[in-house]
Amino acid sequence: MNSSQIIQAKHFNKRPAWFELLNRVLKITGYSKTKILKDDLIRAARHTTGLHNFGDEPWEEPLEMLLRSVNEEACLHPVGIFISKQRLTGLLKTRLRAEEMFRKNPGILDNPLLPAWIILGLQRTGTTKLHRLLASDPDHRVLKSWEAINPAPRNVSWKGKDNRVNAAKLSVRALKFMAPGFFAIHPIGYDLPEEDILLLDASFLSTTPEATMHVPSYSQWLENTDQSDAYRYEVKLLKLLQWQYPGKRWILKSPHHLEFPHLIEKHFSETRYIFTHRNIYESIPSFLSMVAFSRAIFSDNVDPGMIAEHWIRKTGYMLDKTIEYRRKDGNEQKFTDVFYDSIVHEPLSVLEKIYSAQGGFSEAQGNRFRETDKQNPFRKYGTHKYSLTDFNITEKDLDLYTLGYQKFMTDKYGKKEAEQIQ
């Protein structure tokens with residue numbers, strides 16, 4: 001890879017005029033020098049909720065490591081500082097409200113976790129479309145965006161009604177206001193299925209920060225840290241969610257899980273993995289572009305070379321961890337492989353493959369899938385343009401870290417099928 005070069009964020013994300021003006025004004029006031037402090041976040045979360053208990057699972061060290069990296073390395077602009085403070089405070093409030101719900105309703109944690117289909121695969125490999133297709137099956141329980149933002153009701157005396165939906169609508173409008181072009185990359189809706197990595201965020205142990213900010217020391221620490229606590233706490237939040245709205249099977253999705261199938265096996269109940277695949281010379285630069293776009297929401301400086309250097313290696317590492325897990329006795333049968341081109345152009349054939357182990361799907365389910373697919377056409381929100389040259393990388397740079405994955409797929413499916421990933 002060629003040497004990196006910091007460029008202006010507007011190259012990746014043309015921010016609205018009001019955004020730029022607000023940043024300039026806040027910089028004059030010195031707000032850009034503000035540090036995000038753990039004690040301030042804790043105090044704000046407790047003051048807002050009137051609650052005190054964050055739960056027994058460890059969370060303080062991960063938050064401290066994240067804040068150190070954010071304050072010292074991320075180079076956040078004023079709006080980025082404000083968003084980060086609000087988001088981190090919100091995660092602490094989630095823990096406070098969840099623990100209060102567990103205290104008032106101890107039977108929540110006594111219930112078994114529903115069986116789960118886990119969609120994993122690299123970012124930009126059709127996971128979102130597949131997730132939303134499967135969500136249209138009424139037997140399936142998905143994590144909706146408004147639940148991901150607030151898995152515990154904001155009013156702990158909740159009896160079936162709360163204001164989480166309105167809060168999520170406001171968040172979606174805010175994102176559209178700040179970064180209207182983001183929806184062509186990753187469409188978001190307040191009531192659409194969302195990634196369950198947002199539940200892992202409540203433990204401050206997830207790859208979300210490194211996808212949105214430059215936090216290399218936190219990323220390195222995270223990769224060398226046991227993340228059982230995050231998955232254990234996610235299970236608690238999933239039980240809280242299924243207690244509020246029951247279902248027959250969880251449909252969960254996040255590329256983050258590529259690194260941790262062994263933890264899913266350890267902490268979840270019955271699981272099945274749906275592994276999505278796409279040409280890596282398309283999926284990886286598409287994701288790098290998404291990272292650059294996201295980082296521009298938080299910082300004026302976006303370094304495409306450093307983004308590529310970090311995430312190409314990380315991508316290969318994540319793939320290798322899943323392949324390593326698949327090769328262990330009995331694990332291969334837990335996986336169903338599906339390919340991006342089929343997800344986009346022949347989605348029902350993909351669903352037939354997934355449901356074959358269940359004896360297929362009914363005519364009514366098929367009609368729902370067709371209607372969902374019709375309502376979400378390819379490139380509904382616009383075209384996402386990206387290229388390897390945006391990041392000064394070549395196909396050889398990608399090969400360097402993905403040869404193990406390419407070989408595994410070639411050995412399993414032969415050259416013809418494997419061509420879909422390279």
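Residues are numbered from 1 along each chain as its sequence is written, and side-chain values use heavy atoms, with hydrogens and water left out. Because the model is predicted, local features need pLDDT of at least 70 and side-chain atom pairs count only at pLDDT 80 or more, while totals for chains, interfaces and linings use all residues.

The sheet comes first. Five strands form an open sheet in the order E3-E4-E2-E5-E7, and the pairing is parallel. Strands (E, at least two residues) and helices (H or I, at least four) are DSSP runs, numbered from the N terminus. Two strands pair if DSSP finds at least two bridges between them. Strand E3 (140-142) and strand E7 (335-339) are the edge strands, as each pairs on one side only. From one strand to the next, the twist averages 25°. Axes are lines fitted to C-alpha atoms, for helices over the stretch in contact, and angles run from 0 to 180 degrees between N-to-C directions.

Strand E4 (residues 249-253) is mostly covered: five of its five residues are buried. Buried means under 20% relative accessible area, exposed means over 50%, and partly exposed lies in between (1.4 Å probe, protein chains only). In a regular strand the side chains alternate between the two faces of the sheet. In E4, Arg249, Ile251 and Lys253 point one way. Trp250 and Leu252 point the other way. Four bridges join E4 to E2, and three join E4 to E3. Ile251 stands opposite Trp117. Ile251 is also the bridge partner of Val142.

Strand E5 (residues 271-277) is joined to E7 by five bridges, and the two run parallel. His277 stands opposite Phe339 in E7. Helix H15 (residues 304-326) lies across E5 and E7, at about 135° to E5. Helix H17 (residues 347-355) packs on the sheet and touches E2, E3, E5 and E7. The direction of H17 makes about 175° with that of E7. Contact here means heavy atoms within 4.5 Å.

The nonpolar cores come next. A nonpolar core is a set of buried Ala, Val, Leu, Ile, Met, Phe, Trp, Tyr and Cys residues joined through side-chain atoms within 4.5 Å. In soluble globular proteins, nonpolar side chains tend to be buried together. The largest nonpolar core has 97 residues. Those with the most contacts inside it are Leu88, Leu92, Trp250, Phe268 and Leu288. Helix H4 (residues 78-104) gives the most to this core, with 10 residues. A second, separate core has 16 residues, including Trp117, Leu133, Leu348 and Tyr355. Leu88 touches Ile36, Leu41, Leu63, Leu66, Leu67 and Phe204, not counting residues up to four places away in sequence.

Glu234 lies in helix H12 (residues 228-244). Glu234 counts as buried because its relative accessibility is 0%. Leaving aside neighbours within four places in sequence, Glu234 is in contact with Asp196, Leu199, Leu200, Leu252, His257 and Phe268. Glu234 and Ser203 are 31 residues apart along the chain, and their C-alpha atoms are separated by 8.4 Å.

Thr125 lies in the loop between strand E2 (116-121) and helix H5 (127-135). Thr125 counts as buried because its relative accessibility is 2%. The side chain of Thr125 makes a polar contact with the side chain of Thr276 (2.7 Å). A polar contact is a pair of N or O atoms within 3.5 Å; within protein, one must be able to donate a hydrogen and the other to accept it, and residues adjacent in sequence count only if both atoms are side-chain atoms. Not counting residues up to four places away in sequence, Thr125 touches Thr276, His277, Arg278, Ser283, Tyr340 and Ile343. Helix H5 is mostly covered, with seven of its nine residues buried. Among them are Thr127, His131 and Leu133.

Backbone angles are the last topic. Most residues other than glycine have a negative phi. Arg124 has a positive phi, near 70°. Arg124 is in the loop between E2 and H5, and at 19% relative accessibility Arg124 counts as buried. Asn392 also has a positive phi, of about 55°. Asn392 is in the loop between helix H18 (363-375) and helix H19 (395-418). At 34% relative accessibility, Asn392 counts as partly exposed.
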